[in-house]
Number of protein chains: 2
Amino acid sequence: MALTREQLIDAAVGILSEFGLADLSMRRLARELDVQVGALYWHVKSKQELLVDVAAKLLDAVPRPTTPTPALAPLSIAALLRRLRSALIAVPDSAEVMQLAQSMRPESLDPMGWLLEFLQIAGVPQGDATYARHVLVNHLLGSIASHQEAVALSAGAEPDTVSTEWEESAFDYGVRVILQGLALEHPAVV
Amino acid sequence: MALTREQLIDAAVGILSEFGLADLSMRRLARELDVQVGALYWHVKSKQELLVDVAAKLLDAVPRPTTPTPALAPLSIAALLRRLRSALIAVPDSAEVMQLAQSMRPESLDPMGWLLEFLQIAGVPQGDATYARHVLVNHLLGSIASHQEAVALSAGAEPDTVSTEWEESAFDYGVRVILQGLALEHPAVV
DNA sequence: ACCTGAACACCGTTCAAGT
DNA sequence: ACCTGAACACCGTTCAAGT
């Protein structure tokens, strides 16, 4: 039967997860799906558009947390950020893909909406909440990006030279600093 | 006379500044310099290596601030970050290039060293200073990246749809939040 | 030492034409 | 509606051979 847009997205997620963005070409995708390149352009209008859908798909793995009380909101924020990190950290170049999606079609990234909501519940003033979210998201994607560049560079070297431990600490440290800077109680370590 | 590595880097900075990373190809560079593509590979071993030098060159515009006293260190940090932002904001895709350089050859980025130094002077504990720098640099590059993606997307639309004002506020807000989270006095607005 | 010419193995996108 | 075939205008990198 005919190729579907879903299959296209799934195949793209597969290549990205296994080989990274450099290998995620329209031609490779076509080969994998046993069609000619041109066929892909009947289902998506461009590679960029496809990548936005890939980004959204990656975040499907992150479930919406239950809406917290004001007192618990900082904890929920920290937990949500950790889940986002978990969902993306193992997918090469996911930070780059997310950044693209965020600027092209931010409304397709549900968890970012939740984040804003929780910040407001936590008591961050309306006007500041969007700024605050930016700071958190920059930290999230920045941490992931540097992890992934490090992994990419040490690909040839001995495996696991990249200290995941250090990076998790750095990530959590940053989240704590930012939440504290927002004058929210810094959440207890879980 | 013969082509030099310096000329190569300068030409690359020129193309990047005017047209962005998508147009910065080795072939385009060769055309601009009136040589064959292969010639470039006598001066640099790869495009990546060239980009690292481009990143370093972009930061040459940022002068080293005088070493601050502990009390003034937070102010110096904020000022340094603003200067870094100024140096990079108008150069398309500079955030991406910086990120690459940071993971490939961090020691070639002097200002990042100063930042660490100032954080220590400000009283951030030895062990935390590197984490703290990461948070600040993620914020810096993240802010620049989203600005530039926004600019790129609105390239076809009416010019200056991108609110630079909002973004500067968002940037400064983030710096304040982070410094405050580090338990440093947040610097007065200059 | 420095560069040319030419090749190798790729890209994203478009589009007439087929079924 | 969905896809093929083929083209257009590109990539980064390598390397024998030239000067």
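The following legends describe close-up views of a predicted model with protein chains A and B and DNA strand D.

Local features in this predicted model need pLDDT of at least 70 and side-chain atom pairs count only at pLDDT 80 or more, whereas totals for chains, interfaces and linings use all residues. Residues are numbered from 1 along each chain as its sequence is written, chains are lettered from A in the order in which they are written, and side-chain values use heavy atoms, with hydrogens and water left out.

**View 1. Residues around DNA strand D.** DNA strand D is surrounded by 17 residues, the closest being A:Gln36, A:Trp42, A:His43, B:Arg27 and B:Tyr41, where a residue is near a strand if one of its heavy atoms lies within 4 Å of it.

**View 2. Phosphate contacts from chain B.** For B:Tyr41, a polar side-chain atom is placed 2.5 Å from a phosphate oxygen of DNA strand D.

**View 3. The relation between the chains.** Chain A is superposed on chain B by a rotation of 180° with 0.0 Å of shift along its axis (RMSD 0.0 Å), using least squares on the C-alpha atoms of residues with pLDDT of at least 70 in both. That is the relation of a two-fold axis, and the chain A C-alpha nearest the axis, that of A:Gly181, is 1.8 Å from it.

Terms used: A polar contact is a pair of N or O atoms within 3.5 Å; within protein, one must be able to donate a hydrogen and the other to accept it, and residues adjacent in sequence count only if both atoms are side-chain atoms.
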